[in-house]
Amino acid sequence: MPEKPYDHTVIEEKWHQHWASGEHFRAEENAEKPKFYVLEMLPYPSGALHIGHVRNYSIGDALARYKWMRGFNVLHPMGWDAFGLPAENAAIKNQTAPGAWTQRNIEAMKKTHRRFGFSYDWDREVATCEPDYYRWNQWIFLKMYERGLAYRKKALVNWCPECATVLANEQVVDGCCWRHELTPVEQKALEQWFFKITAYADELLADIAKLEGGWPDRVLTMQRNWIGRSEGTEVDFKLEATGEPIRVFTTRVDTIYGATCVILAPEHPLVERLADEMGKSRAKAMVDARAGQDPGEITKEGFSTGAYALNPYNGERVPIWVGNFVLMTYGTGAIMAVPAHDERDFEFCKQYGIPIRPVIRPADGALPADPKEAFTEYGVVENSGEWNGLDSASARRRMTEKAEREGFGQGAVTFRIKDWGVSRQRYWGTPIPVIHCATCGVVPVPESELPVLLPLDIKITGTGRSPLADVPEFVHVACPECGGEARRETDTMDTFVDSSWYFFRYCDSKNDQLPFDPKRIAYWFPIDQYIGGVEHAILHLIYSRFFTKVLRDLGLIAIDEPVTNLFTQGMVIRNGAKMSKSKGNVVAADDVVEKHGADTARLFALFAAPPEKDVDWIDAGVEGQYRFLGRIYRFATRNAGGGLETTGEADRRILRRLHQTIGKVTDDFETRWHFNTSIAAIMEFVNDLYGAEGKLSKAAVAEILEKLALLIAPFAPYLAEELWEEQGRQGPVFKQPWPEADADLAREDEIEVPVQVNGKLRGRVTVPAGAAADAMEVAALADEKVRGFLDGKQPVKVIVVPGKLVNIVVR
RNA sequence: GGCGGAGUGAUGGAAUCGGUAGACAUAGCGGACUUAAAAUCCGCUGAGGGGUAACCCUCGUGUGGGUUCGAGUCCCACCUCCGCUACCA
């Protein structure tokens, strides 16, 4: 047959049309077949897919297609994380409505998605900004409110006095507003909504054990650290003037005789009463200074309130200070400072001349007279009255018991993780479904009135209060309880709410009675493979686990954890920097597909590096993948139906290589997903194939062409489908059984074994495959070259690794 | 500061369990084809040295030590880069 040139535009356009109906990728519940739920993190519709997305989806798609070929019933959905701040920023900049802007972006990106030929079941598509999605955010919110898992409290927000608006953390640059670079951001307390994730802190921590093996260790470590459980003691110091308690949390109550002051967080309620006017304004300045600051950069500062507290263990009188490094949001917002045994306290006390008094000595040492640094390890208690001589661990235990017995403290477990603040003073998000009534207070919107619709035609100015507060039709509402005049909540939800349960919705995306039918979840869940960027290792993946547990406790699902296996791909960087619009180094997926075609782009995304590694995207190199596809296509077309009538040695050799290649690619899929080496193996095979061209039998050519199409199907689906069709076979290729490597055909007859003398490579001998150790030794010792290096000496020892190598040791 | 990852040719990377370092690809060089170029096909390509040649020798995986018959791979110390996290008492 005559060779045809590889024209990706023709091939890809053809199959693109063919797949447009979407029927090939539709997933349906089928109890007969094993299911496989493969999911890639849903993108924010920023306007265009970039090459980082392409990498993510190429990994997921290769796996989805492989699993199809392995006979699984595959669920492979896609959607849009469509709420969020960029839409509002674009609205301000371009005078467009956020909804319309988002919709346009989704359409553009979906088009790109389809050009790449990713195997999604688009019937299940979800866009989180659609009322039929976010109504279930509201529904879940109300269920959580009923159970006390959603509650209100005052919390600090970043506030720009110039815009008179709340800023997101990423809008704070060097402590100043991003739009007013000289205006320092202030901290302002607002009533806000919180999800009580701390109620699940213990379970979230304990269940990490269930994820081991399926999730990367570093993600689990990050989550453990983020939850940050620590056991300690809460102790009440007494305010000298009034006798009222000041509660502190410490993990080292054994050091309490070394406490030389009590330090309050600047927001601590007592500061209001203890500090003078000057102190109060200093405290306020400390709080504001924290906005957007790199915490490591903040230098410790503080001031004395002039008040004193009494140590409950020894009655000692210690001064009360305010310190900027004490956090109101952790523990009790107040600490006892033990400079001799805590680095931070040491630094602070040294700076202000507060005494440093050691009370713990190393088990094998003495108390230092004038410590140069804090001794933070466990040791033996000294200078501590009745407790002297105890080791730290038992002192902790017994001193805590005393506090409990005498009522001035107790054992306590503190978590680093805080309740999840979900209120956003923003427009483009899910309206929080509550109503504020002057008589009835906070009233949830009745379930029957959901969804609370987000009004679409509004002006976003970027200044003032929550944008929704300026929409009278939205705000004014009758109270569902008393019928009186009331106003709607004008804050919207954090977009992490949207992405915390979307993977359930995919299973039943059109349900208008419930967020999803529990039966369908039972079939598809848990997610067998979740794939996404490691940047979501903490927030998204903890919130998703939290929601799963909440939905379980609501009786909607029966599982504890949503994701069995997590794969975190590396980032695609560009010129050593993370791709971002502001840096102007974004590689658009559209450009790549335009120039080289979808198969080439996908192949290159997988070939550039193993998927878990970061990769610096350089255009050079894409060419090679295009050439590779062309080599396959040209070989296939010019050899179609061709070949010798008789079979010979060339057949045997190339079929051996074919089956070795199948084995290699299969192994990569089953164990480590290093598709760069899978593709390299197929390239090597094709190179060998070129060498054997013209020497192969008809039967061998046919088998090779068939298997080759199957082998590349997960990586280059367009070309695979085209080859499959040209061979006159019934498609689609990605629903065919994955080829099996035939171990007998793959086996080598002879192997070349390196021979070392004293560990240095000195020669090679050829032996039959499977040769016994002594046969290998004989062959090695008989080799002329090797003998030259033996210098006539007798081997002291010969190490033989069957099938691998021989090492002869001489002295 | 804490936790994690990585350092291999000009470049991306390979070497999966301690066993031939540099597969595969890019870039470069040379050849074939062509009036010419592109495309394609073939060959060479870690450094240094030797040989007419097939080939051979020495060195070589961030640095310095160690374990081992044998180390890119394991252990110790250090250097550099990257990511995450960060006064969490």
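This talk walks through selected local features of one predicted model.

Good morning, colleagues. Please keep in mind throughout that the structure above is a prediction. I shall begin with the aromatic residues, continue with the backbone, and end with the helices.

A search of the whole structure returns 57 aromatic pairs. A pair of aromatic rings is described by the distance of the centres and the angle of the planes.

The rings of Trp 420 and Phe 546 have centres 6.3 Å apart, and their planes meet at 65 degrees. Angles over 60 degrees count as edge-to-face, so this pair is edge-to-face. Where do Trp 420 and Phe 546 lie in the chain? Trp 420 belongs to strand β19, residues 420–421, while Phe 546 sits in helix α17, residues 539–553. The pair thus links distant parts of the chain, 126 residues apart. Trp 420 is buried, its relative accessible area being 3%. Phe 546 is buried as well, with a value of 0%.

The second pair is Trp 501 with Phe 516, which is tilted: the distance is 6.5 Å centre to centre, with 45 degrees between the planes. Trp 501 is found in the loop between α14 (495–498) and α15 (502–505). Phe 516 is placed in the loop between α15 and α16 (518–524), and the two residues are 15 residues apart. Trp 501 counts as buried, because its relative accessibility is 0%. Phe 516 also counts as buried, at 0%.

Which ring does Arg 65 lie over? Arg 65 lies over the face of Phe 734, at 4.8 Å from the ring centre. Lys 300 is placed over the face of Phe 325, at 5.3 Å from the ring centre.

I now turn to the backbone. Most residues other than glycine have a negative phi, and most peptide bonds are trans.

Two of the sites are cis peptide bonds. Leu 450 and Pro 451 are joined by a cis bond with omega of about -5 degrees. Pro 451 is located in the loop between β22 (441–444) and α13 (472–475). The bond from Phe 525 to Pro 526 is cis too, with omega near 0 degrees. Pro 526 lies in the loop between α16 and β26 (529–533).

The other two sites concern phi. Gln 95 is not a glycine, yet has a positive phi of about 55 degrees. Its position is in the loop between α3 (85–94) and α4 (98–116). Trp 673, likewise not a glycine, has a positive phi of about 60 degrees. Trp 673 occupies the loop between α21 (649–672) and α22 (675–692). Are these two residues buried or exposed? Gln 95 is exposed, with a relative accessible area of 66%. Trp 673, by contrast, is buried, with a relative accessible area of 9%.

The cis bond between Leu 450 and Pro 451 brings me to Gln 138, which is in contact with both of those residues. Gln 138 is part of helix α5, residues 131–146, and is buried, with a relative accessible area of 0%. Beyond its neighbours within four places in sequence, Gln 138 also contacts Thr 430, Pro 431, Pro 433, Val 452 and Met 493. The C-alpha atoms of Gln 138 and Pro 431 are separated by 7.6 Å, although the two residues are 293 residues apart along the chain.

Finally, the helices. Helix α19, residues 598–607, is mostly covered, with 9 of its 10 residues buried. Among the buried ones are Asp 599, Arg 602 and Phe 604.

Helix α20 (residues 622–639) packs with helix α24 (residues 717–726) at an angle of about 5 degrees, the axes being 11 Å apart. That angle makes α20 roughly parallel to α24. On the α20 side, the contact is made by Leu 629, Ile 632, Tyr 633, Ala 636 and Thr 637. Helix α24 contributes Leu 719, Glu 722, Leu 723 and Glu 726. By class, this contact comprises 6 nonpolar, 1 polar and 2 charged residues.

Thank you for your attention.

Notes: Residues are numbered from 1 along each chain as its sequence is written. Chains are lettered from A and ligands numbered from 1 in the order in which they are written. This is a predicted model: local features need pLDDT of at least 70, side-chain atom pairs count only at pLDDT 80 or more; totals for chains, interfaces and linings use all residues. Side-chain values use heavy atoms; hydrogens and water are left out. Axes are lines fitted to C-alpha atoms, for helices over the stretch in contact, and angles run from 0 to 180 degrees between N-to-C directions. Helices (H or I, at least four residues) and strands (E, at least two) are DSSP runs, numbered from the N terminus. Angles under 35 degrees count as roughly parallel, over 145 as roughly antiparallel, 65 to 115 as roughly perpendicular and the rest as oblique. Contact means heavy atoms within 4.5 Å. Ala, Val, Leu, Ile, Met, Phe, Trp, Tyr, Cys and Pro count as nonpolar, Asp, Glu, Lys and Arg as charged, and the others, Gly among them, as polar. Rings of Phe, Tyr and Trp (its six-membered ring) pair if their centres lie within 6.5 Å; planes under 30 degrees apart count as stacked, over 60 as edge-to-face and the rest as tilted. Buried means under 20% relative accessible area, exposed over 50%, partly exposed in between (1.4 Å probe, protein chains only). A charge sits over a ring if NZ of Lys or CZ of Arg is within 6 Å of the ring centre and within 35 degrees of the ring normal.
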